[in-house]
Amino acid sequence: SDLWDDRAKKAAYINLYNATMIYNLLKYAKSEKIAVDGDAFKALEINSLKLPGGNIWNGDYKVKIAGLAVNLDDIEHGPSRGNAKDDLAAIKVSQLDPRIHSAVNCAAISCPRVREVAYRPESIDTMLDENMHEFLSSDAQFHKASEAEMKANSIVFWYYDDFDGYGKKAGKDGGAGDYLGQFVAKTAKDHDWKVKHLHDNFNDRSKISLKLSSSFTFAYDWRVNDVRNKP
């Protein structure tokens, strides 16, 4: 692991997470005798799947990293975010990169898309920047509901501290709002409003205040990312 820098680790963990999520979903469907091309599969909601030992993230479906059996939660919340302890600590990234949240995919409609190619150390920074621009510039993911309210993908709420902390460390004016705002494309719908709204209402906040705020409605579509569920 000493030979791995953070770029190699991030690429490996994102690839492993995305592949394992798809594998887990198909394994679940097979165990429940659900045909992938049938209506029952289309109706699945990722956050409602019950697996042995828990759900699709923390249950008994595991893969191995460095000889250690891990589940999806272990991958996403441990070494890929620099939080790993005990045996996984030796292979964690040295610094959290919040852009990974635009790459790990939970197979639900509201997840950032899975790229057609694998992440590699030499291309990961470019790909993560592209992901962030695509994610933040999507009107489906970040929508002007009214002059005073943004409907936003819940990912930026769930991982708010990652975005805000990194934004402050990177020397941004206020944190998460300015950090995310830089990824809204100039050509995106309501660009100026979105950047200003994030600046005014998403910097240096507590998650409690954000949950109670009238400035945002956080939403997530947990239906399986099947082409038949696309709008």
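## Disulfide

A search of the whole structure finds 1 disulfide, a term used here for a pair of cysteine sulfur atoms within 2.5 Å. The model is predicted: local features need pLDDT of at least 70, side-chain atom pairs count only at pLDDT 80 or more, and totals for chains, interfaces and linings use all residues. Residues are numbered from 1 along each chain as its sequence is written, and side-chain values use heavy atoms, with hydrogens and water left out.

The disulfide joins Cys106 and Cys111, whose sulfur atoms are 2.4 Å apart. Cys106 is buried at a relative accessible area of 8%, and Cys111 is buried at 6%. Buried means under 20% relative accessible area, exposed over 50%, and partly exposed in between (1.4 Å probe, protein chains only).

## Overall fold

The protein has 9 helices and 7 strands; these are DSSP runs, with helices being H or I of at least four residues and strands E of at least two, numbered from the N terminus. The radius of gyration is 18 Å, close to the 17 Å that the globule rule gives for 231 residues, so the protein is as compact as a globular protein of that length. The radius is taken over C-alpha atoms, and the rule is 2.2 Å times the number of residues to the power 0.38.

Along its principal axes the C-alpha trace spans about 50 × 45 × 35 Å. Of the 231 residues, 47% are buried. Among contacts (heavy atoms within 4.5 Å) with a separation of 6 or more, 62% are between residues 24 or more positions apart.

## Nonpolar core

The largest nonpolar core has 61 residues. Such a core is a set of buried Ala, Val, Leu, Ile, Met, Phe, Trp, Tyr and Cys residues joined through side-chain atoms within 4.5 Å. Helix α1 gives the most to this core, with 8 residues.

The residues with the most contacts inside the core are Leu25, Ile46, Trp57, Cys106, Leu180 and Phe202. Not counting residues up to four places away in sequence, Trp57 touches Tyr17, Met21, Ile46, Asn47, Asn71, Leu72, Asp73, Cys106 and Trp222.

## Helix α4

Helix α4 covers residues 124–137, and its end C-alpha atoms are 20 Å apart, which agrees with the 20 Å that its 14 residues should span at 1.5 Å a residue. The expected span is 1.5 Å times one less than the number of residues.

Buried in α4 are Ile124, Met127, Leu128, Asn131, Met132, Phe135, Leu136 and Ser137. Their cover includes α1 (6–31), β5 (142–146), β6 (149–153), α5 (155–158), α6 (160–169) and α7 (176–181).
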